[in-house]
Amino acid sequence: MTIGLDTRLREVLGKKTWEALKDGLGLETVGDLIGHYPFRYAQRGERTDLGALEIGEDVTVAAQVRAAVQKSFVPKGRGRGARPGGKPRDLLEVIVADEAGRTLTLTFFNQAWRAKELVAGRWGLFAGKVAQFRGRLQLNSPQYQLLAEDAADPGSAIQEFAGTLIPVYPATAELPSWNIAKAIHTVLDLVPTPPDPFPRALREELKLLGYGTALRQIHRPESHEALGAAKKRLKWQEALVMQAVLVRRKAEAAGDAATAYARGGALLDAFDARLPFALTEGQRQVGDEIAAELAGEHPMHRLLQGDVGSGKTLVALRAMLQVVAHGGQAALLAPTEVLAAQHHRSIADMLGDLARGGELGAPPEATRVALLTGSATAAQRRTVLDEVKTNTAGIVIGTHALLYDGVDFADLGFVVVDEQHRFGVEQRDALRAKAKRTPHTLVMTATPIPRTVAMTVYGDLETSRLTELPAGRTPIATHVVPYTDQRWMTRTWNRVREEVAAGRQAYVVCPRIGGDDVEDGGGNGDKRPPLAVVDVIEHLRGGPLQDLSLGLLHGRLDADEKDRVMRAYAAGEIDVLVATTVIEVGVNVPNATAMVVLDAERFGISQLHQLRGRVGRGAHPGLCLLVSEAAEGTSSRERLDAVASTTDGFALAELDLEQRREGDVLGAAQSGMKSHVKLLSLLKDADIIEAARAEATALIAADPQLKGEPGLAELVDDLAADRGEFLEKG
């Protein structure tokens with residue numbers, strides 16, 4: 001039998017192994033397995049930072065046995081039905097350490113025989129879930145693989161780890177890293193050198209390894225130099241394929257025909273005449289770019305970045321009015337019902353009677369602004385669908401409900417996607433598919449995006465950026481508050497009371513809803529569960545904020561209740577809103593000046609920056625207090641200190657990228673992208689990404705379908721097909 005990258009693993013591996021690879025890691029073919037690269041490489045004597053392990057994390061560490069101690073204890077009999085006391089049990093505690101002296105405890109119950117092989121001085125790989133007991137990090141009953149006692153004696157070494165560098169793979173509890181290494185070792189010896197999909201001339205110009213050599217060196221590197229060369233080759237391949245998909249998509253879209261909407265128009269002119277303030281220079285410049293593209297015969301595809309409060313919604317609304325003024329419809333897709341309702345209210349308020357088209361006394365140029373969400377009643381849905389179908393509603397705002405069958409636009413000409421990182425490319429395309437001709441598209445995000453991320457995740461779009469804040473936005477002071485210091489906590493709640501006493505309002509944000517939910521886990525080791533809004537609001541009502549009016553908002557409330565609470569808060573009827581991150585983006589209550597974020601270390605940098613942007617939106621300064629148990633010097637505390645040190649969202653975005661995994665950065669924005677981008681770092685490999693963009697642009701310009709490079713074309717088509725999977729599902 002000829003073994004190739006498409007060969008099913010069940011044909012070359014034992015049943016137990018291939019089932020574990022399929023069920024635990026989703027690996028089904030030889031190509032899948034060979035493409036499962038190590039995420040790091042261990043070495044005897046390496047300085048593995050055992051002190052940086054996180055409780056609840058599944059890890060594989062390389063360490064040296066320092067001591068093994070046998071103990072005997074009597075179980076205490078905890079839990080339902082347990083009896084106090086009982087038969088004594090044996091406990092083997094093994095202390096392992098790295099060269100820096102950082103230690104980790106391994107515990108084995110009733111397995112005293114392991115002490116014969118886990119002797120002081122032996123190096124090994126140890127895999128398990130990190131727990132904590134009496135302040136010490138430990139692995140309970142870990143799996144392990146001991147390495148050769150004498151590194152100079154290759155014959156006694158485990159074959160997969162005979163080299164200097166030991167590959168450590170993303171693994172599962174049932175399938176540790178060394179078993180994956182054995183499986184890869186097996187298939188590497190069976191599969192012949194695969195065809196090289198990389199353009200030969202470019203490979204020679206860049207002095208890159210051949211594909212087969214790179215695959216072998218990534219799994220079984222002969223040296224650090226060989227590993228570096230393998231990584232460079234495979235990163236270049238990932239970058240080139242990814243950029244070719246985006247460049248080709250952009251080129252194809254540029255050739256589509258779109259309806260041209262002339263600048264201005266009666267509706268836009270009437271709106272501009274009523275604006276009570278002047279646009280910022282950035283809003284004017286970006287507005288002119290968008291207006292010119294809307295007036296063109298090819299569809300606009302533009303990303304609008306703007307930090308919190310930079311006025312993106314106003315820019316988008318003016319563009320929508322340009323389209324509606326000339327007979328088209330505009331749809332705004334928002335990620336949550338709270339944000340969709342907020343957009344509906346704010347846009348209707350800004351338009352005034354210009355949003356009451358068809359009503360008695362409304363200006364002749366007026367239109368209607370419709371709202372459609374998944375929780376709309378049958379009667380509400382019928383009304384909105386009729387307004388959308390007849391073009392009575394020129395502006396249609398909604399959530400994923402806009403994507404469903406039965407939502408038929410009369411003449412959809414413009415699609416606005418807010419907070420694009422919450423959606424996939426496919427949702428954007430699904431909404432655009434409801435238009436008779438390719439609509440113009442504006443993608444907005446308040447999450448500042450580093451250049452390489454924009455080039456990767458939004459590489460098929462032109463980019464605009466709003467960097468200045470409109471007049472009237474006030475500064476936001478941010479401080480980190482130690483949760484365990486009662487004096488600081490008392491002062492925190494007193495500050496909230498002071499803001500309310502001055503006639504203003506506040507938010508209290510928690511990471512969890514509570515009740516019977518189990519999101520964000522519960523206590524791993526000694527960790528307590530995250531604070532929950534349903535518990536915190538009761539504590540505040542009966543304690544530090546007991547005489548204030550408190551409101552509750554979270555994602556499990558029905559749409560009517562969410563809307564009622566937000567309307568009451570916006571009207572000033574609620575002093576303090578206790579909420580989850582449903583208020584993260586778009587919520588605009590100018591009278592809110594203070595925010596307390598509890599368990600702040602459980603949020604990401606960009607998320608904290610977005611939350612903070614909900615205060616200081618009016619005439620008074622904003623205050624954000626980040627309450628945390630994170631100790632000084634920890635990475636969590638450093639992250640919070642960084643947020644407190646600056647309100648520059650773009651600077652924080654770069655830091656956020658440094659601390660996040662690449663897959664988290666890509667998120668849902670590119671379906672299929674995470675499975676194709678395994679080595680490329682959007683932060684560290686900016687030079688490769690930018691160079692690959694230029695090479696992909698040249699390749700697609702010369703050969704749009706890559707007919708001259710069939711290997712590369714196959715990879716590009718595979719990635720493009722993965723990204724289109726959403727549409728195929730209907």
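**Strand, helix and salt-bridge arrangement in the predicted model**

Helices H8 and H9 cross in a right-handed manner, a crossing being right-handed if the near helix is turned clockwise from the far one by less than a right angle, and left-handed if anticlockwise. The structure is a predicted model, in which local features need pLDDT of at least 70 and side-chain atom pairs count only at pLDDT 80 or more, while totals for chains, interfaces and linings use all residues. Residues are numbered from 1 along each chain as its sequence is written, and side-chain values use heavy atoms, with hydrogens and water left out.

Helices (H or I, at least four residues) and strands (E, at least two) are DSSP runs, numbered from the N terminus. H8 spans residues 281–294 and H9 spans residues 312–325; their axes come within 10 Å and cross at roughly 30°. Axes are lines fitted to C-alpha atoms, for helices over the stretch in contact, and angles run from 0 to 180 degrees between N-to-C directions. The two helices are therefore roughly parallel to each other, given that angles under 35 degrees count as roughly parallel, over 145 as roughly antiparallel, 65 to 115 as roughly perpendicular and the rest as oblique. On the H8 side, Gln283, Val286, Ile290, Ala291 and Leu294 meet Leu314, Val315, Ala319, Gln322 and Val323 of H9; contact means heavy atoms within 4.5 Å.

An open sheet of six strands is present, with the order E16-E21-E20-E17-E19-E18 and parallel pairing. Its edge strands are E16 (476–482) and E18 (550–553), each of which pairs on one side only. From one strand to the next, the twist averages 20°. Two strands are taken to pair if DSSP finds at least two bridges between them. Strands of a sheet pair through backbone hydrogen bonds, either parallel or antiparallel. Helix H18 (residues 635–645) lies across E16 and strand E21 (622–628), running at about 155° to E16.

Within this sheet, strand E17 (residues 505–509) is mostly covered, as five of its five residues are buried. The term buried denotes under 20% relative accessible area, exposed over 50%, and partly exposed the range in between (1.4 Å probe, protein chains only). In a regular strand the side chains alternate between the two faces of the sheet. In E17, Gln505, Tyr507 and Val509 point one way, whereas Ala506 and Val508 point the other way. Five bridges join E17 to strand E20 (residues 592–597), and these strands run parallel. Along this pairing, Gln505 stands opposite Ala592, and Val508 has Val596 as its bridge partner. E17 is also joined by four bridges to strand E19 (residues 576–579), again in a parallel arrangement. Here the bridge partner of Tyr507 is Leu577.

The loop between E19 and E20 contains Thr580. This residue is buried, with a relative accessible area of 8%. Leaving aside neighbours within four places in sequence, Thr580 is in contact with Val509, Cys510, Arg512, Ile513, Val533, Leu553, His554 and Gly555.

A salt bridge is defined as a side-chain nitrogen of Lys or Arg within 4 Å of a carboxyl oxygen of Asp or Glu. By this rule the count comes to 31 salt bridges. One of them joins Asp547 to Arg497, the closest N and O atoms being 2.8 Å apart. Asp547 lies in the loop between helix H15 (533–542) and E18, and Arg497 in helix H14 (residues 486–501), so the pair ties together parts that are 50 residues apart in sequence. Asp547 is exposed at 54% relative accessibility, whereas Arg497 is partly exposed at 26%. A further salt bridge links Arg368 with Glu359, with the closest N and O atoms 3.1 Å apart. Arg368 is partly exposed, with a relative accessible area of 22%, and Glu359 is likewise partly exposed at 36%. Arg602 forms a salt bridge with Asp599, for which the closest N and O atoms are 3.6 Å apart. In this pair Arg602 is partly exposed, with a relative accessible area of 29%, while Asp599 is buried at 2%. A network of salt bridges links Arg491, Arg495, Glu498, Glu499 and Arg504.

Helix H22 (residues 686–702) contains Ala694, which is partly exposed at 47% relative accessibility. Ala694 and Ala244 are 450 residues apart in sequence and 9.7 Å apart in space, C-alpha to C-alpha.
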